[in-house]
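Thank you all for coming. I would like to walk you through a few local features, so please keep the picture in view while I talk.

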Amino acid sequence: MIRMKYYIVLLLVLYGGELTVSAQEVDALSLAIQGKVHEGQVYLRWAPKDPLTWRYANQNGYWLEKVKILAGGEFVDDPQTTRLLQYPLKPETLDQWEVFSDDDYVLVGAQAIFGESFDVDPGNTSDITTIINASRELENRFSFALYAADMSPKAAELSGLFYVDEEVSIGDKYLYRVYPNVPMGGYAVDTATVFIGLADERPLPKPMEVTVEFADQVAMISWNARIHEHTYTTYWVERSADGRHFESITKVPIVSTFHKNPSERIFKGDSLATNGTTYYYRVIGVDAFGFKGPPSDVMDGTGLPAFRVAPTIASHEISDDQQVTLFWRVPEMDLSLLNTFSISRKSGRTGFTAPIAAELSKQTRQFTDSLPNSSNYYTVSAHDAHGRKIGSFPYMVQLEDSIPPAMPLGLKGKVSEKGIVSLTWEENTEEDMRGYKVYKSNYANDGFIELPGEMTEQAMLQDSIALNNLTETIYYRVKAFDIRMNPSGFSEILELKKPDLIPPVAPVFTNIKNDSLGILVQWEQSPSEDVEMHLLYRKGIEELDWSLVYTQEKGLTFYLDKQAAHNMRYAYTLIAVDDDGLESVPAKPITMRRKSSQLYPPVSNLVYKKNIDTKEITISWTYDHDEAVACRVYKRQGEGTQWQLYKVVKENAQANYELVDRYSGDQAIQYRVQVEFVSGEKSQMSQEVRIEL
């Protein structure tokens, strides 16, 4: 027992922290399962998700079932469920664990399951402390047991969390299910599943993006853990002195802590016996089933002695022609690693650029900048032959400067409806720029005053203005300043129109009527001077939403709605929009029902017969329409007379109509027919027939 406890303490150190799982309410006994295909066999690994499930399953075991879903690549008509074992799979007895006691993780798993105590605070015996300690003990046992199973396939097998199915065939695919053999009680029992077949065998990938950084007798190996977070649970880091024979640098594998600390990379340090010797490193991943993947690419390098030469800029001189000479010194120490110096310069608001001087001799201690700016920050860097460098602190040198920056260009802006003015302009490129001041006025040629507050360093600014005054515009200009406060000239004047807060007057309708082609709507435009367009909206009288049907920007003040449906009543309203996008209140709606005679064609086969002896005229026609109820016959005799309704002929079931009329005199007689329908609507008039007497 003492030996088992020793291994738990050791693993706490190797794991890198506390392994306890936070207490939680458990509503269901839940599991997770993984599957893997290897050399014609299916490997299964599962684990409970919480301490309560683990404890109950250890007592009662797990049922493991298998369902063949595909046979020879085809779906099975009636899949059958079979149990892989006739008994629940539980942790093996303690004597079975002792057979594999040479595996440290088997010892840890046995202690977690069978150990007498995991007491975290045996010194305090109060009731509440006893309850808390019991909870923590269960959580710690659960954490250590699962950790041991992850680290050792044998520990997983002895824990009842591992199974290998050898009864599998090529072309088949199976659904495996595992669930606790626990009485239901007050808990729901979760079932974990995995769908897998021999065709799902995949080679393990090699670890990616392996890098090694070498320092003074130290190597830091790192690799990308995110790429294979669902593949590998642990890693081995191996080292070689000849590039062929590798040995692990640790006695236990390195645990992937991606889920606890989701950094993209895992780092592992290694101490080197000497500097100058080439060492080779590679990384090998191990999955949850204990299989090792292929090694990563080999990275090599040598340890490097510490480089500590830190230069310091001591002084400077400015010549009459405005050249700057820097003087620096280095510590009085071993300078054998020193190779060269370089000089970098920062000017104004820009960062340090590429060195203005590189590969200066390691014996030199001064440098002259023949083209300095008015304000400069210098650094001197010492370099060794291995690409390492150490830079000095920045050192400032200023020259006399009376040249102002250029006038700001590209001033533009906009005013919001709340009176917030947003201004932008092109940023000056001078290295010694300090900032900008902005000026405004209500007049284009006079009265510019500086905006209060600090000057702005960026080529943008916000201002607020009053909108309830008599001026419709506001004017701005900008001036640039360098660090010596030399001012530029004013920028070009920017004129901005203030937003219009008064909407236009509403337009009014003047007429609406049915036209042969649709509904004709006419209106009188809004009298407001800044109106840019009128928007005509329409909706069916039973509809809720208005639809835009016409935009009048200029031109005629009427609209012929050709899309109006027959016998539908429509409402129309009109809105005026000014040049600031403000809308008037809607005009008082007008309505009209669309009446279209075009839906009912005219009588087209009107014929007649004249009997001279009896002085009778018989006119006849046909008209077949389900909604026709009568035919109205119009007649006129003689030139210049008006058409008059002569007779109404009622509906004829055979759609054949006939009318006999007697005549007198010798003036020509004309007839026309119009059909009347059940809705009260009428067709168009027929073509007239003319009868000479």
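Three strands, in the order 27-28-31, form an open sheet with antiparallel pairing, where a strand is a DSSP run of E with at least two residues, numbered from the N terminus, and two strands pair if DSSP finds at least two bridges between them. At the edges are strand 27 (412-415) and strand 31 (460-464), each of which pairs on one side only. Strand 27 is joined to strand 28 (residues 420-424) by four bridges, and Gly-413 stands opposite Leu-423 in strand 28.

A word on what we are looking at: this is a predicted model, in which local features need pLDDT of at least 70 and side-chain atom pairs count only at pLDDT 80 or more, while totals for chains, interfaces and linings use all residues. Residues are numbered from 1 along each chain as its sequence is written, and side-chain values use heavy atoms, with hydrogens and water left out.

Let us turn to Arg-345, which lies in strand 21 (residues 338-346). Is Arg-345 buried or exposed? Arg-345 counts as buried because its relative accessibility is 16%, and buried means under 20% relative accessible area, with exposed over 50% and partly exposed in between (1.4 Å probe, protein chains only). What does the side chain of Arg-345 make a polar contact with? The partner is the side chain of Asp-369, at 2.7 Å, a polar contact being a pair of N or O atoms within 3.5 Å; within protein, one must be able to donate a hydrogen and the other to accept it, and residues adjacent in sequence count only if both atoms are side-chain atoms. The side chain of Arg-345 also reaches the backbone oxygen of Leu-371, at 3.1 Å.
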